[in-house]
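I opened a new notebook page for this chain.

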Amino acid sequence: MKPIEDFFNSIVSLPSLPKVVQEVMRMLNSEDVDINILANTIEQDAVIAAKVLKMANSSFYGVTRAVKNIDDAVAILGLAKIRSLVLACGVTGAIAEVPSLDLKRFWSHSLVAASISREIAKQLGKESEVPYIAGLLHNIGDLLIHLVFPVTSSEVDDLCIGISAEKRQAVEREVIGLDHCQIGEELAIRWSFPQEIARALRYYATPMDKNACEVSLIVYAAVHVAHGLERGDAADSIVDSLNPDVSTYLNFRRDEWVAQIARYRDLIEEASVMI
């Protein structure tokens with residue numbers, strides 16, 4: 001089996017998070033956040049600042065006046081949304097081009113899964129930003145596989161059409177010796193994300209594994225729903241095809257699930273604005 005170290009050593013330039021993303025994440029993890037300092041920090045990165053303003057001015061948020069500066073954007077979107085948006089902008093911009101991979105489609109799916117992860121966590125009465133980050137990064141290992149093995153990764157894609165993430169793991173291990181969950185976990189560690197996020201990435205495809213955490217189950221469900229919405233499946237079909245063990249753990253009534261998934265469709269529009 002190809003060691004994880006060998007895989008990462010083969011990446012000529014390992015993607016890194018922009019400094020502004022690291023600073024904003026650190027600031028928003030503290031109890032007291034100075035809004036002015038936060039806004040100034042975001043403004044240091046022109047690309048991220050522009051995306052934040054674009055998001056704040058989108059029809060998705062129904063803003064009645066033009067948002068011209070980051071201070072207004074923070075006030076309109078709120079701290080939690082700002083953190084998620086800055087992180088999403090930083091992560092999606094960390095890798096500009098990947099051979100054989102449609103990055104727009106890749107990040108659109110990841111952003112939808114992230115938003116659904118956050119909503120599911122809220123329904124469970126749990127902290128929601130860690131699930132959001134884990135949902136955003138759940139498939140980052142696949143992106144790196146495409147980066148390192150552009151030809152082989154396309155072969156893996158062809159073999160994995162229509163199969164589950166767990167079955168894809170088996171194919172990846174057979175073909176390249178590692179799977180996207182192992183790689184995602186290692187990248188999260190190298191990016192200094194909390195251990196819970198790294199663990200969620202490792203086990204989101206196998207959420208009933210004894211080593212999995214609660215966030216793994218949330219992300220698994222979110223990814224399942226995201227795929228269903230992207231295919232245009234009916235809400236009841238998405239609910240009924242979810243792993244029954246995961247459904248039991250989440251303990252949502254079927255009618256509540258169906259109604260909630262119908263509302264999740266709006267998150268696809270939100271994702272399109274963020275890319």
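My entries follow, from the whole chain down to single pairs.

**Ground rules.** I am reading a predicted model, where local features need pLDDT of at least 70, side-chain atom pairs count only at pLDDT 80 or more, and totals for chains, interfaces and linings use all residues. Residues are numbered from 1 along each chain as its sequence is written, and side-chain values use heavy atoms, without hydrogens and water.

**Overall build.** I looked up the secondary structure and found 18 helices and 0 strands. Both are DSSP runs, numbered from the N terminus: helices are H or I with at least four residues, strands E with at least two. I then checked burial: 51% of the 275 residues are buried, meaning under 20% relative accessible area with a 1.4 Å probe, protein chains only.

**Salt bridges.** I searched the whole structure and got 15. Each one is a side-chain nitrogen of Lys or Arg within 4 Å of a carboxyl oxygen of Asp or Glu.

**Arg118 and Glu129.** Their closest N and O atoms are 3.9 Å apart. Arg118 sits in helix α7 and Glu129 in helix α8, so the bridge ties together parts 11 residues apart in sequence. Arg118 is buried at 6% relative accessibility, and Glu129 is buried at 7%.

**Arg168 and Glu172.** This bridge spans 2.9 Å, N to O. The two residues are 4 apart in helix α11, about one helical turn. Arg168 is buried at 14%; Glu172 is buried at 1%. I also noted that both belong to a salt-bridge network with Asp142 and Asp157.

Definitions and conventions:
Buried < 20%, exposed > 50% of the residue type's maximum accessible area, 1.4 Å probe, protein only.
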